[in-house]
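Here is a short briefing on a metal site and on charged side-chain pairs. Please keep the model open while reading.

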Amino acid sequence: MKIVQHPNPLLRKVCAEVEDIKEGRKIVSALRESLSKSEKEGIGLSAPQIGINKRVYIARKIIYQGEKEDHLDIAFINPTIIKGSKDKGKSLEGCLSIKDTYGYVLRHNKIVVEYTDINGDRKILRTGGYLAYVIQHEQDHLDGILFIDKLIDKKTYTEKQIDRKIQLENN
Ligand code: CO
């Protein structure tokens with residue numbers, strides 16, 4: 001499936017809850033396929049980005065095993081962020097629906113998210129760091145919100161500019 005591109009109005013709709021788990025599973029497999037086939041590497045994808053206005057997304061957890069790096073795409077069906085830490089951090093974000101645009105957004109450093117997994121069980125995940133940022137970015141998609149709506153200083157950067165900025169900061 002092609003990934004819907006900004007400013008398509010499909011990205012601005014508030015998504016509906018998933019009513020049955022079969023439907024949820026179908027959406028999850030479509031998301032997994034789209035993310036794995038995406039030419040641009042992504043670490044999360046939400047249903048509205050593949051044209052389905054339902055409350056589902058996947059977020060990629062990177063797993064380091066010694067030298068090897070593996071990943072797990074965690075599926076969230078009807079998720080709610082029930083808690084966000086007071087402390088927030090600057091998250092550098094991009095989006096598969098917004099070409100060559102990056103920027104900094106303030107996000108909770110730690111969150112608690114409640115969701116239904118692909119078995120239909122209600123789960124609670126407590127997480128922090130980049131995965132918490134990815135989940136907050138994807139959660140926003142379900143309400144028609146894009147990271148460019150929340151930019152610190154309203155500044156965006158191209159990939160080239162951001163690479164250069166990071167290089168300069170590290171020197
Ligand atoms: Co996005």
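The points below cover the metal site first, then the salt bridges. This is a predicted model. A cobalt ion is coordinated by Cys95, His137 and His141. The structure also holds 12 salt bridges.

**Cobalt site**
- The donor atoms are SG of Cys95, NE2 of His137 and NE2 of His141, at 2.1 to 2.2 Å from the cobalt ion.
- The donor residues follow the spacing C-x41-H-x3-H in sequence.
- Cys95 sits in strand β4 (residues 88-95) and His137 in helix α2 (residues 129-141), so this pair ties together parts 42 residues apart in sequence.
- Cys95 is buried, at 12% relative accessible area.
- His137 is buried too, at 7%.

**Salt bridge Glu159–Lys40**
- Glu159 and Lys40 pair through their side chains at 3.0 Å, N to O.
- The two are 119 residues apart: Glu159 is in helix α3 (residues 159-169), Lys40 in the loop between α1 (21-37) and β1 (44-46).
- Glu159 is partly exposed at 33% relative accessibility, and Lys40 is partly exposed at 38%.

**Salt bridge Arg107–Asp140**
- The closest N and O atoms of Arg107 and Asp140 are 2.9 Å apart.
- Arg107 lies in strand β5 (residues 98-108) and Asp140 in helix α2, so the pair ties together parts 33 residues apart in sequence.
- Both Arg107 and Asp140 are buried.

- Asp117 and Lys123 form a salt bridge, with the closest N and O atoms 2.8 Å apart.
- Asp117 is buried at 8% relative accessible area, whereas Lys123 is partly exposed at 36%.

Terms used:
Residues numbered from 1 in each chain as written. Predicted model: local features only at pLDDT ≥ 70, side-chain atom pairs only at ≥ 80, totals over all residues. Heavy atoms only, no water. Donors = N, O, S within 2.8 Å, 3.2 Å for Na, K, Ca; no water. Helix = DSSP H or I, 4+ residues; strand = E, 2+ residues; numbered from the N terminus. Buried < 20%, exposed > 50% of the residue type's maximum accessible area, 1.4 Å probe, protein only. Salt bridge = Lys/Arg side-chain N within 4 Å of Asp/Glu carboxyl O.
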